[in-house]
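The sequence and structure come first, and the points follow by topic.

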Amino acid sequence: MYRQKIESWFSSKGWSVFPFQNETWDAFLEGGSGIVNAPTGSGKTYALFGGALLSYLENKPSPGPKGPLFIWVTPIRALAKEIKISVERIFEALDLDWEVAIRSGDTSSSARKKQFAKPPQVLITTPESLHVILASKNYPKFYKNMHAVIIDEWHELMGSKRGVQTQLAISRIKALSPSLLIWGISATIGNLEEAVDVLLGDFEVKHRKLIRSSFEKQTEVISIFPDNVEKYSWAGHLGLKLADKLLPIIEASKTTIIFTNTRAQSEIWYQRLLELAPELAGLMAMHHGSISRDLREWVEDALYDGKLKAVVSTSSLDLGVDFRPVETIIQVGSPKSVARFMQRAGRSGHSPGALSRIYFLPTHSLELVESAALRTAIKNKNIESRIPYIRSWDVLIQYLMTLAVSEGFDADVIYKEVKQTHCYRSMTKDEWHEILNFLLYGSRSLEAYDEYQKVYLEDGIYRITDRRIAQRHRLSIGTISSEAMLLVKYFRGGRIGSVEEWFASHLNPGDSFWFAGRPLELVMIKDMNVLVRKSKKVNKRIPSYLGGRVPLSSEMSEVLRNKLYEYEQNKDGLDEELSRLAPILEMQKYGSVLPNKDEFLVEYFQTKEGYHLVMFPFEGRYVHEGMAALIAQRISKEIPISFSIAMNDYGFELLSDKRIDVNRVITQDLFDPAGLAIDIQSSINATELARRRFRDIARISGMIFQGFPGKMKKDRHLQASSSLLFNVFQDYEPDNLLYLQTYEEVMTFQLEEARTKTALNRILNQRIRIVYPQNPSPLAFPIIVDRLREKMSSEKLSDRIAKMTVSFTK
């Protein structure tokens with residue numbers, strides 16, 4: 001009966017039920033769990049929620065018990081409103097007088113209390129809010145009637161600790177409601193089957209399903225070319241010079257989203273486009289995570305209603321919001337990832353079978369190779385996998401404290417539940433007991449300090465009864481890492497957004513800066529608030545944010561290498577991008593070598609700075625960071641020498657003041673992956689990397705407290721506190737699980753040990769080609785510029801580069 005109603009409703013809208021939607025509804029009715037893989041705009045919400053609703057209504061009374069029957073988990077708040085509208089449409093079609101509500105960090109405390117006291121049938125929320133509810137008294141009553149949980153954008157969550165949070169929440173809800181159906185929505189990634197396993201773990205489910213839509217999303221990649229290709233290219237020299245080429249594209253489209261890779265870039269591009277086209281004022285907006293919620297929501301609503309001609313955005317608009325007026329996407333600079341590029345392209349062409357059109361604007365000439373590589377990768381479906389976190393002890397400790405704050409927990413019961421998750425299925429009893437001891441005593445090395453003894457055991461139940469500890473914990477729930485943020489507010493007015501503490505610390509009263517597209521002047525900094533007024537000064541700074549550089553993914557690296565190899569192999573069928581780059585590539589061949597797939601290029605040359613040893617693995621910045629340190633250490637074992645290191649996504653440079661016999665030193669043995677883990681840790685000072693990463697682990701596990709709202713602790717104080725704890729574990733408890741986890745995360749996610757090993761094995765099977773160019777080659781030049789960038793202002797850097805290019809081309 002209900003299925004017929006939904007089908008009739010589809011027909012009344014002029015829609016057809018797609019095969020993947022029917023398959024999803026059938027899977028729900030059979031009691032299955034799994035993942036649906038379908039493009040944006042294909043009706044995923046109706047497939048998943050329609051199936052969840054059908055499976056409930058066909059088997060249980062309507063309206064059923066009070067309380068959330070369905071929870072929809074979304075990683076970003078921008079998605080919640082659209083999901084709510086779609087769910088309400090289905091309710092209307094089925095004549096259901098049911099309630100759907102949104103709960104997130106932005107929800108008022110009064111609304112949260114109302115939702116908990118009188119729960120809606122459908123709750124749209126975030127992973128963090130699931131845990132905040134778990135920290136509430138009587139949470140079992142809230143969750144006990146759950147029928148289905150749907151995890152949106154699972155591909156985004158599974159590669160982060162928020163995915164671990166989600167797994168743990170599901171483990172508790174599943175125990176309270178054993179018949180719970182568990183479903184996820186995922187974009188196309190390289191390991192979809194593993195994504196199902198990570199979501200469902202070892203939970204008892206009737207059927208495991210991976211449902212793929214039959215839609216083949218067509219994506220058109222169009223490069224924006226400079227009028228002239230300079231033979232020496234460097235990161236950032238080109239982008240803004242091409243800004244005028246965006247105006248005809250924006251004018252020809254109903255709505256355009258311009259994606260940048262950082263918040264600072266979005267501010268810069270917004271201002272530049274307004275300078276070139278003042279008529280866009282009021283028709284163009286900006287969207288990024290540091291802008292206040294009210295402003296972001298205004299932009300989203302205006303975008304949805306087709307009131308904006310253009311929006312400059314960061315990844316804050318990456319995920320599945322269905323803005324139908326958007327016809328065109330522009331990507332500024334390399335997206336570094338095939339999946340990210342496809343995700344952004346998918347913001348346009350929303351109807352099934354519609355073309356997604358994305359323009360690629362290079363920030364330096366060599367990025368045109370990446371544009372051609374992306375086109376090929378999309379065609380061949382060469383898409384990145386997402387690496388799930390495993391054995392994340394910090395998240396487990398936070399979760400157990402959440403349970404201890406509310407109802408308390410029985411260790412044996414929760415152990416069995418947690419073991420069913422993918423993240424902790426390999427956990428041993430001994431490790432579990434060590435985690436429990438950490439909760440009770442703060443680990444062996446800290447048991448003399450009362451502040452780390454937060455949980456106590458009473459009648460077999462682990463509890464937190466100290467109100468101060470409970471309050472601090474509830475304020476700390478979450479795993480998202482960010483620098484300390486200060487609120488930006490008008491001196492006599494409302495909130496604008498937030499900037500990082502380190503940027504604000506460099507401002508003096510009277511200094512001007514651009515933020516949220518507005519010219520602002522600092523009045524004062526007071527109580528974690530940056531108080532500002534409007535500014536009329538000409539020169540203004542742009543807020544910059546730490547952690548803006550993202551490395552090339554392994555898939556991007558591979559297609560990039562193959563695209564460069566094509567230049568010599570396929571002269572007659574070259575992509576236009578490679579043809580346009582002929583001046584650079586021919587100069588590379590003339591002064592050095594353009595390597596083929598069987599060669600590994602090493603350049604050695606001298607300048608006034610010293611002797612430059614440059615290698616080109618084309619494996620991305622993170623891999624090159626570790627590999628450069630590794631090679632430098634291995635060379636220094638042979639000869640007494642020290643190097644300064646620089647790298648970009650294409651290669652790395654070892655600069656020294658001494659000449660070395662390169663032919664004797666650079667051998668295949670230098671790239672042997674044997675002993676990689678030990679060598680790389682000793683060569684790159686992994687201890688310092690681990691010390692910095694430990695700060696987040698210490699925060700998530702509750703060892704350090706960031707402060708109360710409006711009274712957050714300063715970054716340097718947090719770092720000092722976490723460093724002290726790190727030193728204690730290093731000296732007195734080196735087998736501590738949190739300490740060991742820190743090094744595992746550094747090797748896996750920062751230094752990318754597995755990928756480095758793969759790259760070294762590839763190089764071992766190539767012929768090392770050593771050349772001695774008279775000047776830096778076009779491939780080496782941007783690496784040198786990246787090193788100089790760290791030391792010089794942008795004006796001085798431009799002058800220096802101009803002089804260098806003149807001398808190199810004489």
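The second largest pocket has a volume of about 820 Å³. The model is predicted, so local features need pLDDT of at least 70 and side-chain atom pairs pLDDT 80 or more, while totals for chains, interfaces and linings use all residues. Residues are numbered from 1 along each chain as its sequence is written, and side-chain values use heavy atoms, without hydrogens and water.

**Second largest pocket**
- A pocket is an open set of points on a 1 Å grid over the protein atoms alone, with protein on both sides within 12 Å along at least five of seven lines; lining residues have an atom within 4 Å of a point.
- Its volume is the space filled by probe spheres set on the points, which are joined across faces, edges and corners.
- Of the 35 lining residues, Pro39, Thr188, Lys217, Met342 and Ile383 lie nearest the centre.
- Strands S6 (181-186) and S8 (219-223) and helices H10 (192-200), H14 (338-345) and H15 (367-380) each supply at least two lining residues.
- Helices (H or I, at least four residues) and strands (E, at least two) are DSSP runs, numbered from the N terminus.
- The lining divides into twelve nonpolar, 13 polar and ten charged residues.

**Cavities**
- There are four cavities of 30 Å³ or more, a cavity being a set of points where a 1.4 Å probe fits but cannot get out.
- The largest cavity holds about 70 Å³, and its lining includes Met401, Phe438, Tyr452 and Lys454.

**Sheet**
- Three strands form an open antiparallel sheet in the order S14-S16-S15, where pairing takes at least two DSSP bridges.
- Two bridges join S14 to S16 (residues 461-463), and Asp410 stands opposite Ile461 in S16.

Definitions and conventions: Ala, Val, Leu, Ile, Met, Phe, Trp, Tyr, Cys and Pro count as nonpolar, Asp, Glu, Lys and Arg as charged, and the others, Gly among them, as polar.
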